Amino acid sequence: MTDILRIAAAALAGGALCLLLKREQPVFAFLLSACGAIALFVAVAARLEPLLDFFRLLSGYGQGQAVSCLIQVVGIALAAQFAADTCRDAGMQAAATGVELGGRALALVQALPLLQTLADTFLSFLQ
Amino acid sequence: MLFAACLPVRAAAVELPPSAAALLPDGGAAAESAGGWTLSALLGWLADKAAQGMGPPLRFAGQALLYLLLAALAGILCTSLPWKKCLDAVAVLGFGVLSLSTMMELVTQVGQTAQESQTYLAAFVPVFGAVLSLGGQVSGAAGYSGLFFSVSAFLSAAIERLILPVMRIYFCFSVSAALWGDAGVEEAAKLFSRCLGWLFKGCGALFAFVLGLQNLLTGLADNAAVRMGGTALAGAIPLVGDAAAAALSGAAAAVHLLKGTLALALVGSLGAAFLPVFARCVVYYLVFSGAGIIAAGTGQEHCGRICRLLGDGTRLCASVLILYFFMVFLSTALLLMTGNGG
């Protein structure tokens, strides 16, 4: 409970500083916003160890590539979403769109083995 | 040409399935060894067999549950709607791959069970027919060796060559319907499964009618023949004719006892072959029903669609097994009940 309150307080403080800096020094405001987001992400990630252990346990039980593929796509989605939001904060809509597009393409590439397995199953039956 | 006609023709017999070939070198179980069985040993053996049989469905249940939970967690972590849709697509792809491979194995097992049962019948029917003839049920033996065996062979071949490929098509179509996401395609898959179910019911009713009628007619003919034979024997042989007719009835009764034992052995053997696969179908159906509830509860509509359609598919697999076993059981039970000479 105290962790989320600390994170919320840090986020509010960072947001207030960004607003103060935005008019005079927009570059520093963007850097503060990006660094604050990264710091919050690192702080949260440090507390995600039990969840990561649970994912590893699931990967161990789930035979085949479906579980590992899904976990990788989740990682790609989180990274791409974070990068796109950061670009939008900096006013770079095109970069945000490019990052999201790249993220989706990488997610599709990760899902390609599953598509191949499905296609192989269909083709093996047809043959 | 005469010389060529004298040469022996090479006749190649159909090879035994591996499971039958593995059993033949072993000698049969001795009756004396049954005296050493204890209740705890039997229960332990049953528990081992149950664990072996139920292992794959329970393993699949664990995998499906964990996968759906993971997909739900992934959906919670990614808040953006486009990414939710992307994750949903990958989740349904993974769940489809997981489920489809399991269902293809189940379909193969159903086919193997039907094939092994037909191999067993190929050895059983001549023996049973001979016992029937010995007990005075000549027409019944002819019908059993002729119509019933032909129908069972036809059904086994139809299961292997027609029904199981159709089932595989249905499973592939179901996964494609869920991936596509169109409600109309899902309705088409449901209609397909309903039509298959009606077809199995219709075939079951038709076989029951034909085999039942055949048994009735042959039973009447055999009963009349046995009564006539007894009467003719009593009338033709002076003094001891009645005693000879009574002895004949006694001998026929002893053969009927053997007939009943053989029929029980058939039902028991086929039941032992069918029951594990049937139980697997039931467990898979329960697993898909539970997974469908979890998928619906966690908002994974496409995975829930796969669960519903593949659950219907497992019911169809169970229907195939019931159709075959019911036909064999019905024919044999009717033969037991008819043609007892009275």
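Let me start with a term: two residues are in contact if their C-beta atoms, placed from the backbone, lie within 7 Å. Keep that in mind for what follows. And note that this is a predicted model.

Take V90(B). Leaving out residues up to four places away in sequence, V90(B) touches C69(A), L70(A), V73(A), A107(A) and A111(A). V90(B) is also part of the largest nonpolar core, which holds 89 residues. Which of its members touch the most others? They are L70(A), V73(A), A77(A), L87(B), V90(B), C317(B) and L321(B).

Now the helices behind that core. From chain A, α4 (66–89) and α5 (93–126) each supply at least two residues. From chain B, so do α3, α4, α5, α6, α7 (241–297) and α8 (301–337). The top contributor is α4(B), with 20 residues.

On to the contact between the chains. Chain B brings 25 residues and chain A brings 24. On the chain B side, α3 (39–77), α4 (81–134) and α5 each give at least two residues. Which helix gives the most to that side? Again α4(B), this time with 13 residues. By class, the chain B side has 18 nonpolar residues, six polar and one charged.

Next, chain A by itself. Chain A is divided into domain 1, residues 1–47, and domain 2, residues 49–127. Their centres, taken over C-alpha atoms, are 27 Å apart. Five residues of domain 1 are in contact with four of domain 2. On the domain 1 side, four are nonpolar, one is polar and none is charged.

Now a helix pair in chain A. The axes of α1 (residues 2–24) and α2 (residues 26–46) come within 8 Å and cross at roughly 170 degrees. Angles over 145 degrees count as roughly antiparallel, so α1(A) is roughly antiparallel to α2(A). From α1(A), the contact residues include I7(A), A10(A), G14(A) and L21(A). Among their partners in α2(A) are F28(A), L32(A), G36(A) and V44(A). By class, this contact has 13 nonpolar residues, three polar and one charged.

Last, a pair in chain B. Helix α5, residues 138–180, packs with helix α6, residues 183–236, at an angle of about 175 degrees. Their axes are 11 Å apart. That angle makes α5(B) roughly antiparallel to α6(B). What classes of residue make up the contact? There are 16 nonpolar, nine polar and two charged.

Terms used. Residues numbered from 1 in each chain as written. Chains lettered and ligands numbered in written order. Predicted model: local features only at pLDDT ≥ 70, side-chain atom pairs only at ≥ 80, totals over all residues. Axes fitted to C-alpha atoms, helices over the stretch in contact; angles between N-to-C directions. Helix = DSSP H or I, 4+ residues; strand = E, 2+ residues; numbered from the N terminus. Parallel < 35°, antiparallel > 145°, perpendicular 65-115°, else oblique. Nonpolar A, V, L, I, M, F, W, Y, C, P; charged D, E, K, R; others polar. Domains from an automatic or database assignment. Core = buried A, V, L, I, M, F, W, Y, C linked by C-beta atoms within 7 Å. Buried ≥ 20, exposed ≤ 12 C-beta atoms within 10 Å, placed from the backbone.
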